Amino acid sequence: MSAGLTTCEMQQLIGLLAKVNFLDPRKSILREHERTITERSRDIRERCTRGSAADVDRVMSLLHEKADLPTTKIVDYCLGTVRTTEGTARIRHYLFHGTQMQRNYATLYFARRDEWPLVNQAYAMGLIDHVQAYSR
């Protein structure tokens, strides 16, 4: 069924299918908990290095209320390695349109790059609180 899809399209499809809400919580397309921390770390690092919008979307999708501490720490570290214009633009999207957790990590990304006008704008819009905006 997937023979006509590119690698990027396959990754996007898997990411979308992973969002499907099964009635049985033990069933899912992607089972992050079955992957070792080394495998997750390698995947996150590779995605941040490539820095495409789809890669940033996948990394940001790992930031949710059930995310484990090792994963959030890896995302925090690796997200800072995104250097592409496309990746940076996508992180900017999450600063203004992501969940609270995604906005917080996007804030850290821009604060560490000393891009204060963006951080100030998100704070002025009430998207992040003072502590998140200005603590390092």
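**Exercise 1. Describe how helix H2 passes helix H3.**

Solution. 
Step 1: handedness. H2 passes H3 in a left-handed crossing, meaning that the near helix is turned anticlockwise from the far one by less than a right angle. Helices are DSSP runs (H or I, at least four residues), numbered from the N terminus.
Step 2: residues. On H2, the contact (heavy atoms within 4.5 Å) uses Ile44, Arg47, Cys48 and Arg50. H3 supplies Asp55, Arg58 and Val59.

The model is predicted: local features need pLDDT of at least 70, side-chain atom pairs count only at pLDDT 80 or more, and totals for chains, interfaces and linings use all residues. Residues are numbered from 1 along each chain as its sequence is written, and side-chain values use heavy atoms, leaving out hydrogens and water.

**Exercise 2. Decide whether threonine 88 is buried or exposed.**

Solution. 
Step 1: locate. Threonine 88 lies in helix H5.
Step 2: apply the cut-offs. Buried means under 20% relative accessible area, exposed over 50%, partly exposed in between (1.4 Å probe, protein chains only). Threonine 88 has 15%, so it is buried.
Step 3: list neighbours. Threonine 88 touches Val82, Arg83, Tyr109, Phe110 and Arg113, not counting residues up to four places away in sequence.

**Exercise 3. Summarise the chain's elements and burial.**

Solution. 
Step 1: count. The chain has 8 helices and 0 strands.
Step 2: burial. Of its 136 residues, 36% count as buried.

Conventions: Helix = DSSP H or I, 4+ residues; strand = E, 2+ residues; numbered from the N terminus.
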